[in-house]
Amino acid sequence: MPQIVWIVLGAAAGLIVLLFVLALIWANRWYNRALNSRCKKPYLPENAVSSEEEKAWFRETARPTAMRARDSLRLQGYLLEGDDSSQNWVILAHGYNSCAADLAHAAIAFRKEGYHVLAVDLRAHGLSDGSCIGMGWPDRLDLAQWAEVIAAKHPGASIGAAAVLMATGAQLPKQVKCAAAFGGYSSALELFESALKARHIPRFPLLPLTSLMTRLRGGYTLGQASCIIQLPKSRTPTLFLYQEGDPWVTKPMAERVFAAAACEKQLLFLPDTRPAEHSGYWGDLFAFLARYMGVEKTQENKTAPEAG
């Protein structure tokens, strides 16, 4: 073979290796930007559902608790006791890049309705251990374990869960009567794909490499973190709540997620406002919970009351 051919092959191989290394570096940067909780995310809007006054009340009033996850991470939770005569519990789980204190607005509303509240810091958030944001996949087992903790301590409890679509596809204690979720997406893979498309970045090779990076550093792939895969296993009655005009969780995606659920279910689209401020949000939510938890609905078409 002529020497020039070897030179060309060597140059081509070197170029391929260089491109692969650059793509790997790019994927690691994308992983850190999106899933590494230790990296700041200034591009995200500030969580404004709960006021600073409500968050301060939450921190002063909630009683800290903790448990060890199946992989030995220490997970933080916060207890707010409701009506002494009530056996009804609600587990509140926050969204992406948030924490339990951001759920203060919801915690106040549920407590006013007589519920006992457990608000949790998901892994890699708040005071919980971990550095890889789970996108719902490892969190589904953590939330099932939190439900088991409540069921063990309060055998007569009825438990409702908020924002836990993937958890409904896991094995839950019989005390879990229903669930409600706002903005549940189809899969982390599809969300990442949409984010790349919005930035005019090709899917290949960045997305497969980012998923590989997530597997190596977080223990799961972006394709595993899928409500579409989990919901056909669900037997937990679920209320699906979505915001109209959401640029990421679009109406077609929301309808696909809803269609995948094998459980009793209800689908609601809310106007393009913060859901907790929508006049019908709390009435619809409490009516749904009352249907399965035997709670008398007392708060009709109101936003959550102020702390204090």
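Predicted model: local features only at pLDDT ≥ 70, side-chain atom pairs only at ≥ 80, totals over all residues.
Reader: How are helices α1 and α6 oriented to each other?
Author: Helix α1 covers residues 3–34 and helix α6 covers residues 206–218. Their axes come within 8 Å and cross at roughly 60°. Angles of 65 to 115 degrees count as roughly perpendicular and those under 35 degrees as roughly parallel. The relation of α1 to α6 is therefore oblique.

Reader: Which hand does the crossing of α1 and α6 have?
Author: The two axes cross at roughly 60°. The hand of this crossing of α1 and α6 is right-handed.

Reader: How do the residues of the contact of α1 with α6 divide into nonpolar, polar and charged?
Author: On the α1 side, the contact includes Phe20, Leu24, Trp26 and Trp30. On the α6 side, Leu206, Met213 and Arg217 are among the residues met. The division is ten nonpolar, five polar and one charged.

Reader: Which residue in β2 is the bridge partner of Thr65?
Author: Strand β1 (residues 63–68) runs antiparallel to β2, and six bridges join them. Five residues lie between the strands of this hairpin, where Ser72 takes a positive phi near 75°. The partner of Thr65 in β2 is Gly77.

Reader: How many residues of strand β2 are buried?
Author: Strand β2 spans residues 74–80 and is mostly covered. Buried here means under 20% relative accessible area. Of the seven residues in β2, the number buried is six.

Key
Residues numbered from 1 in each chain as written. Heavy atoms only, no water. Axes fitted to C-alpha atoms, helices over the stretch in contact; angles between N-to-C directions. Helix = DSSP H or I, 4+ residues; strand = E, 2+ residues; numbered from the N terminus. Parallel < 35°, antiparallel > 145°, perpendicular 65-115°, else oblique. Left-handed = near helix turned anticlockwise from the far one by under 90°. Contact = heavy atoms within 4.5 Å. Nonpolar A, V, L, I, M, F, W, Y, C, P; charged D, E, K, R; others polar. Buried < 20%, exposed > 50% of the residue type's maximum accessible area, 1.4 Å probe, protein only. Pairing = 2+ DSSP bridges.
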